[in-house]
Every structure is written in C-alpha cells, then in structure tokens.
Amino acid sequence: MFLSGLSAQINLNVAEFRLFPDEIQMLELQPDMVQWSVAGRFLLMDKMAQQLIGLGLTGDLQMVGGFGRQNYTFVEPIWMGVTPEGILVVDRLDNRIISLDYRLNFIRTTVLEPRIFPELAAVDPWGQLYLYSNQYHSIFSVERGTLDPKPHIDLNIFSDINSCIREISINQDGSLGILTCDDNVHLFSRLGQYNKSISAHISDAYFLVPIRNDWFVFNQDGVGVSILNDIKLVIPGVSVPVMDIKGLNRSIAVLSKDHILILNVQFK
C-alpha cells in the first residue's frame with residue numbers, strides 16, 4: 001500500500017500491520033499510548049487501567065502495573081519511554097519515575113522534588129528526560145534521576161504561547177517541540193533557547209512527531225501535515241481514529257484501537 005502527500009516531496013509507505021494478540025481484548029485493555037522499544041518490540045500503555053504492556057514481534061506479551069496485579073503499580077501514569085539504560089514510566093500523582101529493564105522488570109523508583117506533578121514528558125536521544133508541569137507552566141529536565149528545580153524552559157515568559165499544552169517531543173538533534181491547543185508548534189533548541197513558532201494548518205492537531213529534520217502534526221482523524229513544508233499526509237482509514245503516533249528514524253508507529261500500523265516516511 002502506498003500513500004502520497006499533496007506534493008511528491010513526502011510519501012508514506014505501509015511497512016507492517018501488527019494486530020493485537022487476543023489477550024489484550026480478553027483483559028479488556030484499551031491502550032492509548034505507544035512507544036518504540038528494542039529489538040522490534042513496542043510498549044503500550046492503558047493509562048486508565050494503569051497497565052504497561054510489552055508487545056513482541058511474535059505477539060508475546062509482558063505486562064506490569066494494573067490494579068494490584070504486580071508487586072508495584074502505577075497511580076496515574078502519563079508517559080513511558082525507552083532510554084539507553086532501560087524503560088522509564090512517569091507517574092504524575094505520585095511525582096515519581098519508575099525505572100524498568102527492557103523486559104519490564106523493576107529496577108528502582110525516583111521521587112521528584114520539588115513536586116511538579118508532570119502532565120507530559122519526552123526523552124532526548126541521550127536519555128535525558130524532560131517533564132512539562134502545568135502547575136508551573138514550565139518544562140523541567142531530569143538527568144541521572146535528579147530533577148533540576150530550575151525550569152529548562154519557562155513558558156510563562158512567552159505571552160504568545162498558549163497555556164494549554166497538548167504534547168512535547170524531541171527530535172534526533174535534541175531540539176524540543178511544543179504543540180499547543182491552538183494548533184501551533186513552538187520550537188526550542190537543545191539548550192532551551194526559543195527558535196520559532198509555526199502554525200500547523202490543520203484543525204484539532206493532537207500529535208507532534210519529529211522525523212529526521214522535519215516535524216509533523218496529526219489529528220485523531222489521521223490528517224497530518226509537515227509544519228516545515230506544509231505538505232499534507234493522510235493515515236489509512238483502517239487506523240482511524242488514531243490513539244497515538246510515535247516516530248523513530250524514518251518510520252512512524254500509528255496506534256489504533258486494535259493494532260499498530262507502521263509507516264515508512266520517504267522524502268523525495
């Protein structure tokens with residue numbers, strides 16, 4: 001299957017359709033977050049059920065969290081991701097970071113001080129974690145388990161940046177993008193310096209996906225656009241509504257209600 005944007009400059013090529021194993025439906029899990037993991041694996045999170053799922057190439061599952069099913073649980077998980085040292089889960093209400101190995105075995109818990117109650121998170125290619133706190137309207141950095149109490153980016157000083165933040169993402173160079181609820185993307189350098197703001201030119205933008213040197217936004221109807229080239233793309237209807245989208249190198253993983261669709265992004 002081959003999909004084109006309105007210009008010949010960017011194309012989407014369907015690489016894989018990975019249907020969920022029956023066990024996910026049997027347990028009445030509804031994953032609403034996806035992340036690329038290691039060795040062709042994916043991480044899924046059902047935030048409502050407080051369940052983290054590791055999905056293997058052959059459909060094998062590892063699960064942690066849930067309502068008392070394990071020796072440790074999540075209270076309000078808002079993000080999970082992969083670092084060079086393992087997997088991190090950010091728990092908002094408990095103000096903590098749970099560290100796991102790549103097989104979802106528990107390693108340690110780190111309590112965040114001060115208590116910033118993070119709503120969003122992203123990790124850079126070198127494993128440094130960034131947390132957005134609505135309480136402070138700022139992005140904080142966490143390095144080697146220590147939260148820097150000084151904001152990495154204090155958004156209060158930018159009067160034209162909407163106070164409603166939908167997603168934060170980091171590209172391969174460590175630049176940080178912020179998607180606000182008014183469908184604008186605000187770009188900052190790795191050091192937290194403001195670069196520019198760009199309108200997404202689609203309504204109800206929900207996902208911010210960096211691919212190589214470009215940034216894409218998508219809504220839950222599967223309509224996307226490159227904010228640097230203004231080229232529109234469309235996710236196949238079989239994967240709509242979109243629950244989540246994450247990028248890796250030249251590919252994006254689209255999470256739908258019962259599968260993951262993997263698309264290769266081709267730049268012409």
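The model is predicted: local features need pLDDT of at least 70, side-chain atom pairs count only at pLDDT 80 or more, and totals for chains, interfaces and linings use all residues. Residues are numbered from 1 along each chain as its sequence is written, and side-chain values use heavy atoms, with hydrogens and water left out.

I begin with the sheet. Four strands form an open sheet in the order β3-β4-β5-β6, with antiparallel pairing. Strands here are DSSP runs of E with at least two residues, numbered from the N terminus, and two strands pair if DSSP finds at least two bridges between them. The edges are held by β3 (33–36) and β6 (61–65), each with a single partner strand, so one side of each has no neighbour in the sheet. Between β3 and β4 (residues 42–46) there are four bridges, and Gln35 stands opposite Leu43 in β4.

I turn now to charged side chains. A salt bridge is a side-chain nitrogen of Lys or Arg within 4 Å of a carboxyl oxygen of Asp or Glu; by this rule there are eight. In one of them, Glu76 and Arg92 have their closest N and O atoms 3.4 Å apart. Glu76 lies in the loop between β6 and β7 (77–83) and Arg92 in the loop between β8 (86–91) and β9 (96–100), so the pair ties together parts 16 residues apart in sequence. Glu119 also forms a salt bridge with Arg92, at 3.3 Å between the closest N and O atoms. Through shared partners, Glu76, Arg92 and Glu119 are joined into one network.
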